[in-house]
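I opened my notebook to see what could be looked up in this structure, one topic at a time. Here is the page, with the picture first.

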Amino acid sequence: MKNRRRVGAAVAALLLGGAGLAITASPAQAAETTFKVKCVPPAGGGSPVEGETTAKVTAPATAKVGDEVEVSWETVKPASNNTDLMDIPQDSVQPTGWITVGGGGGELKVVGEKKNPPIPKKAPMQMSTMKGKVKLTKAGKITLTPGKYDVAVTFSFGTFVTKCAPVGEVKGGATIDVSAGSSGGTTTGGTTTGGTTTGGTTTGGTTTGGTTTGGATTGGTTTSSGGSGGGGGQTDFPGKAVEVAFDCGPVVPGGIKTPVTINAKKNGGGYDLTVKTAKGAMAAPMALPAGALKPSMDVKLGGADSGTVKVSGPANAEPIPDKAPVSLSDMTGTYTPGKSGKVTLSPDRLTIDVTMAPGSTPINVPCKAASSGVSLELDTTAQPGGSGSSTGGSGGSGTSGGLAETGAEDEGGIKALALVAGTVVLLGGAVFTFTPWRRLRGSR
């Protein structure tokens, strides 16, 4: 028994002594650096913006060849504040960064946890510390300089990634003094290892064809009962509802599916068009101000004529409360035939302009018709200056997406990071994403 006690005490002393050596042998050292970055928003999130960030890189001060050491990147000062449009939920922000390993080490990927407190409107962005490991294979001074980074924000309806990269040279960072150790330091280069990003990729953006709902067709040649627009004194030509699947890319995961009806009313030699989508039967994911959502669409011409006709609708006149039903307004335009004969009219590209604050530049959300069909056929007579022959498929107002001011205290304020702008775009489009379209039967 006495021998066992002596052995146990000796092992305990050895372990404690070894632990003490591990703690004191390679003390960590941190270095801060401030640099400018250019951040690119996700698709539909507007133009790139520039800001300034301060990063603290921490690593052991000394190490030996063959050691694998942990490196961390803490964001001391973010490049922007949250906007005044919405709060960012708890545990929804995940950063991923890349640190340049000078001295032959290449690049180290560091990943943070998806862990953050709730970020109120106008409050500074908060991101977790990013960590990774690098194996040292060469003696000498190894520098660790922060570089590009991604910020992913995940909501219940999708994940948006903002990509940021330094503008100009980044100076400063941590340094590791690597000694040769037992390997003699004859190897060159270094290998880096890092965590794997979870939840940091943009999802969605792919739509599948819709099914026939309430008499709406998915096909391509169905003609309306309105028949000919050329004779018999007929002035009103009602179209059929066709189920259309709109692909809005990663901005609106899953796209938008809705019945669309094109109606025409003869006006001289031309036609006044009215395009209707189904009424909303869902709750808005957030409160939307008056004037927030303004739709427009390209109506595709086929048969005897070609090109597109632009129709557009007014923005919502009243604020839309959180969880309240939402609908797209009716869109109107004029078709002046460029050719004589039977002309088909089909829903094509849809555009939603999202304006979340009075006076701000609308954010343009383009949605391509992944599947559509003919809603109306007209028997036309060509008119001078007919507009249908020219292709005007821009599908939108042409305005580029703007980003709100962040309220940062630096000169002029820094514009919002694209992850927030992308979120606003998503909320504007996602109003329609969650609509239970299968419950809808036809259009208004």
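Predicted model: local features only at pLDDT ≥ 70, side-chain atom pairs only at ≥ 80, totals over all residues.

**Entry 1: a ring cluster.** Phe237, Tyr271 and Tyr335 are joined into a cluster through ring pairs. I then looked up how Tyr271 and Tyr335 sit together: their pair is stacked, with 6.3 Å from centre to centre and 20° between the planes. Tyr271 belongs to strand S15 (residues 270–277) and Tyr335 to strand S18 (residues 331–335), so this pair ties together parts that are 64 residues apart in sequence. Are these two tyrosines buried or exposed? Tyr271 has 1% relative accessibility and counts as buried. Tyr335 has 0% and is buried too.

**Entry 2: the other rings.** I looked up the total next, and the count is three aromatic pairs. In one of them, the ring centres of Trp73 and Tyr149 are 5.9 Å apart and the planes stand at 80°; an angle over 60 degrees counts as edge-to-face, so that is what this pair is. Trp73 sits in strand S4 (residues 68–77) and Tyr149 in strand S8 (residues 140–155), so the pair links distant parts of the chain, 76 residues apart. Trp73 is buried, with a relative accessible area of 2%. I also checked Trp73 against Ile99: they are 26 residues apart in sequence, and their C-alpha atoms are 8.5 Å apart in space.

**Entry 3: nonpolar cores.** Which residues touch the most other members of the largest nonpolar core? Among its 38 residues, they are Phe246, Leu345 and Leu350. Strand S19 (residues 341–354) gives this core its largest share, five residues. Another core of 36 residues lies apart from it, with Phe35, Val49, Val69 and Ile88 among its members.

**Entry 4: salt bridges.** Side chains of opposite charge can pair when their charged atoms come close. How many salt bridges does a search of the whole structure find? The search gives six.

- Glu74 and Lys56 meet through their side chains, at 3.9 Å from N to O. Glu74 is in strand S4 and Lys56 in strand S2 (residues 49–60), so parts that are 18 residues apart in sequence are tied together.
- Lys163 and Asp150 form a salt bridge at 3.1 Å, N to O. Lys163 is in strand S9 (residues 158–166) and Asp150 in strand S8. Lys163 is partly exposed at 49%, whereas Asp150 is buried at 15%.
- Asp298 pairs with Lys310, their closest N and O atoms being 3.3 Å apart. Asp298 is in strand S16 (residues 293–303) and Lys310 in strand S17 (residues 307–312). Asp298 is buried at 1% relative accessibility, but Lys310 is partly exposed at 32%.

**Entry 5: backbone angles in loops.** Last, I looked up two residues other than glycine with a positive phi. Asp91 has a phi near 55° and lies in the loop between S4 and strand S5 (93–102). With a relative accessible area of 35%, Asp91 is partly exposed. Lys122 has a phi near 70° and is placed in the loop between strand S6 (106–111) and strand S7 (130–135). At 52% relative accessibility, Lys122 counts as exposed.

Conventions:
Residues numbered from 1 in each chain as written. Heavy atoms only, no water. Phe/Tyr/Trp six-rings, centres within 6.5 Å; stacked < 30°, edge-to-face > 60°. Helix = DSSP H or I, 4+ residues; strand = E, 2+ residues; numbered from the N terminus. Buried < 20%, exposed > 50% of the residue type's maximum accessible area, 1.4 Å probe, protein only. Core = buried A, V, L, I, M, F, W, Y, C linked by side-chain atoms within 4.5 Å. Salt bridge = Lys/Arg side-chain N within 4 Å of Asp/Glu carboxyl O.
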